[in-house]
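This briefing goes through one protein chain by topic, for a reader who wants the computed geometry set out with its numbers. Please look over the sequence and the structure below before reading on.

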Amino acid sequence: MKVLGIESSCDETAAAVVVDGRLVLSNAIFSQIAIHAQYGGVVPEVASRQHTLSIIPILRRALDDAGVGLAEIDAVAVTRGPGLVGSLLVGLNVAKGVAFQRGLPLIGVNHLEGHIYANWLIEQGPGPPPPQFPLICLVVSGAHSDLVLMTEHEQYQLLGRSLDDAAGEAFDKVSRLLGLGYPGGPAIQRVAASTEATPFHLPRAWLRGTYDFSFSGLKTAVLHMVQKELPEPRQDAQTEGAPERIAAEIAAAFQESVVDVLATKTVAAAKRHRAKEILLAGGVAANKPLRERIIQTSPIPVHVPRPIYCTDNAAMIASAGYFKLSEGRRSGWDLDVTTTLKLV
Ligand code: KG4
Ligand code: ZN
């Protein structure tokens, strides 16, 4: 079964064709990062206008790359939330138009479920076996940090979540404090990798006895460290290069703190719930030190999607849509977007 996936919840316009929820035939993405970077973050109105310009070319590219026509598509899956309302509406209406015109089933997908299903994607058959239940999934994106126990397809139990900033949001805000630009995650990872070992140590909000996270105190600690350690750039030659080095060392200390908490809680939850596997999902799962730390400390197999499937894409939406269709679900023509949709 070939599912056409469509994703436009934030600043990526994406379409993809996936066979039987796993094999990616195409994964077309137009990223608006360069457009929003000049403002230091996503500007919702600019994002929705750009989606309207990009969606049809991206849809065509997804079909062309897959080497299929619309006549060979069996169903259309689309992100219905959470996300920016104007952005979500573009993808939803295009998906409805295609499905209605071709008489195909339409299925609305929770973007966060999509991130989880990125772990089912393969690029060549037959590929490794699919993830085994029960499993623990850490979903860490720009707006969410959820730790969930998944016992079956569509069966989620929330173990913990961020009480304030999402992990990706913390990366983005700290990056701005350090003058490293948007998006913050890749920028922080890059400069942190340029330091051997950081002399700085930042606090960890353990919130003991829970699987919840908190990153806003860490962000404030970074702010105080920046004010103390990074005074206004001086002109004399001796300090040349020093502000960049200190910024990189603070970035490394911040990343260590986030990785420490996320990895420790994820592995503890997996042991406690006797999970068969750990899955990582969402944009922050692209973070190399986080992936490495969880793989090193987990006693059970860890699935991590390729970085291109961690950040927003439509292949993951097509995959989640396929498994929903397999359970007999489909959406009506009155399907609407829900900007604040939660996983559980
Ligand atoms: O899942 P995603 O693409 O969009 C949302 O659904 O939010 O996640 C975007 C977030 C941004 O906050 C970005 O800074 C973060 O993922 N991110 C990373 C990395 N790549 C993207 N964070 C840490 N390390 C990375 N390599
Ligand atoms: Zn996302």
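**Strands and sheet pairing**

Strand β6, which covers residues 135-140, runs antiparallel to strand β7, residues 145-152, and six bridges join the two. The model is a predicted one, and every value in what follows is computed from it. The chain is divided into domain 1, which takes in 2-121 + 308-326, and domain 2, which takes in 135-304.

*Sheet and hairpin*

- The open sheet has five strands in the order β8-β7-β6-β9-β10, and its pairing is mixed; its edge strands are β8 (155-161) and β10 (302-303), each of which pairs on one side only.
- Strands of a sheet pair through backbone hydrogen bonds, and the pairing may be either parallel or antiparallel.
- Another antiparallel pair is formed by strand β2 (residues 12-19) and strand β3 (residues 23-31), between which there are eight bridges, and here Val19 has Leu23 in β3 as its bridge partner.
- The hairpin of β2 and β3 has three residues between the strands, and Asp20 in this hairpin takes a positive phi near 50°.

*Interface between the domains*

- The centres of domain 1 and domain 2, taken over C-alpha atoms, are separated by 27 Å, and the contact draws on 18 residues from domain 1 and 24 residues from domain 2.
- The size of an interface is often given as the accessible area that is lost when the parts come together.
- Between domain 1 and domain 2 the buried area is about 1700 Å², with 66% of it given by carbon and sulfur atoms.
- Of the area that domain 1 buries against domain 2, Ile116, Asn119 and Cys310 supply 35%, which is more than any other three residues.
- Across the interface of domain 1 and domain 2 there are seven residue pairs in polar contact, with both residues at pLDDT 80 or more.
- On the side of domain 1 that touches domain 2, α1 (33-37), α4 (111-117) and α11 (315-326) each supply at least two residues, and the largest share, five residues, comes from α4.
- Sorted by class, the side of domain 1 that touches domain 2 has ten nonpolar, five polar and three charged residues.

*Salt bridges*

- Side chains of opposite charge can pair when their charged atoms come close.
- How many salt bridges does the rule count? The count comes to 14 salt bridges, and across the interface of domain 1 and domain 2 the rule finds one.
- The side chains of Lys324 and Glu154 meet in a salt bridge, at 2.8 Å from N to O.
- The side chains of Glu123 and Arg306 also meet in a salt bridge, at 2.5 Å from N to O.
- This pair links distant parts of the chain, 183 residues apart, with Glu123 in the loop between α4 and β6 and Arg306 in the loop between β10 and α10 (307-310).

*Backbone geometry*

- Most residues other than glycine have a negative phi, and most peptide bonds are trans.
- Asp20, a residue other than glycine, has a positive phi, near 50°, and its place is the loop between β2 and β3.
- From Gly81 to Pro82 the peptide bond is cis, with omega near -10°, and Pro82 is in the loop between β4 (75-81) and α3 (85-102).
- Phe133 and Pro134 are likewise joined by a cis peptide bond, with omega about -5°, and Pro134 lies in the loop between α4 and β6.

How values were computed:
Residues numbered from 1 in each chain as written. Chains lettered and ligands numbered in written order. Predicted model: local features only at pLDDT ≥ 70, side-chain atom pairs only at ≥ 80, totals over all residues. Heavy atoms only, no water. Pairing = 2+ DSSP bridges. Helix = DSSP H or I, 4+ residues; strand = E, 2+ residues; numbered from the N terminus. Domains from an automatic or database assignment. Contact = heavy atoms within 4.5 Å. Buried area = accessible area lost by both parts, 1.4 Å probe. Salt bridge = Lys/Arg side-chain N within 4 Å of Asp/Glu carboxyl O. Polar contact = N/O pair within 3.5 Å; in protein donor to acceptor, adjacent residues only side chain to side chain. Nonpolar A, V, L, I, M, F, W, Y, C, P; charged D, E, K, R; others polar.
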